[in-house]
Amino acid sequence: MKKLEEYVRSIPGFPEEGIIFRDVTTVLQDADGLKLAIDSLLELLKGIEFDVIVGTESRGFIFGVPIAYALGKPFVPCRKAGKLPCETVSKEYDLEYGTATIELHKDSIQKGQKVVLVDDLIATGGTIEACAELVEELGGEVVKIVFLMELAGLKGRERLSRYDVESVITYDGK
């Protein structure tokens, strides 16, 4: 059986020289790779008690929904600004060049709920940190954050040091 890393396509020099882009689409396009990815993320949640899964747009949806389904938990989408139809809470965060805003519906997390956050990749950690802060603003408790891949050279884990963070695959560089 192949290791999950073997399903990830690495593209040197994209989007710029010195960067190795880790392409998750090759995991998704292979039934065995996709199953291994979901099963590996599920393994990271063994023994964790929680009420709801929140996934960040858009690849957090891809991995979060099957995990929620497999565990019989609800799924909450954390979306880019302006995409949710009801009353929201929002958080602006820094990007490498500029800012972005993400939102949750105000009624998506109930006070006291234990929440797991899911995304495909942790780089600098800005998006998932903003998502965690929104969950907390709504009264939820982030009990675990899981990623399929981690770019350790960008130090996102340090930014999230107050949370329980795990990744299936860790790449040393950027």
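Aspartate 120 touches Val24, Arg59, Phe63, Phe147, Leu148 and Met149, leaving out residues up to four places away in sequence; contact here means heavy atoms within 4.5 Å. The residue belongs to strand E7 and is buried, with a relative accessible area of 4%. Buried stands for under 20% relative accessible area, exposed for over 50% and partly exposed for values in between (1.4 Å probe, protein chains only). The model is a predicted one, in which local features need pLDDT of at least 70 and side-chain atom pairs count only at pLDDT 80 or more, while totals for chains, interfaces and linings use all residues. Residues are numbered from 1 along each chain as its sequence is written, and side-chain values use heavy atoms, with hydrogens and water left out.

Strand E7 (114–122) is mostly covered, 7 of its 9 residues being buried. Helices (H or I, at least four residues) and strands (E, at least two) are DSSP runs numbered from the N terminus. Two strands are taken to pair if DSSP finds at least two bridges between them. Strand E3 (residues 52–56) pairs with E7 in the parallel sense over 4 bridges, and glycine 55 has valine 118 of E7 as its bridge partner. E7 and E8 also run parallel and are joined by 8 bridges; valine 116 stands opposite lysine 144 in E8.

Strand E8 (141–151) includes glutamate 150, which counts as buried at 5% relative accessibility. Apart from neighbours within four places in sequence, glutamate 150 is in contact with Leu121, Ile122, Arg157, Ser167, Ile169, Thr170 and Tyr171.

The largest nonpolar core has 26 residues, and those with the most contacts inside it are Leu4, Phe63, Ile67, Val116 and Leu148. A nonpolar core is a set of buried Ala, Val, Leu, Ile, Met, Phe, Trp, Tyr and Cys residues joined through side-chain atoms within 4.5 Å. Helix H2 (31–44), helix H3 (59–71), E7, E8 and strand E9 (165–171) each supply at least two residues of this core, with H2 giving the most, 6 residues. Another core, of 25 residues, lies apart from it and includes Val54, Ile109, Ala130 and Cys131. Leucine 148 touches Leu4, Val24, Ala37, Leu41, Phe63, Asp119, Asp120, Ser167, Val168 and Ile169, not counting residues up to four places away in sequence.

The largest pocket has a volume of about 1,200 Å³. Of the 38 residues that line this pocket, Arg59, Leu95, Leu121, Ala123 and Thr124 are the closest to its centre. On a 1 Å grid over the protein atoms alone, a pocket is an open set of points where a 1.4 Å probe fits, with protein on both sides within 12 Å along at least five of seven lines; lining residues have an atom within 4 Å of a point. Grid points are joined across faces, edges and corners, and the volume is the space filled by probe spheres set on the points. The lining divides into 18 nonpolar, 7 polar and 13 charged residues. Ala, Val, Leu, Ile, Met, Phe, Trp, Tyr, Cys and Pro count as nonpolar, Asp, Glu, Lys and Arg as charged, and the others, Gly among them, as polar. Elements that each supply at least two lining residues include strand E2 (20–23), strand E5 (88–95) and helix H4 (126–137).

Phenylalanine 21 is found in strand E2 and is partly exposed, at 33% relative accessibility.
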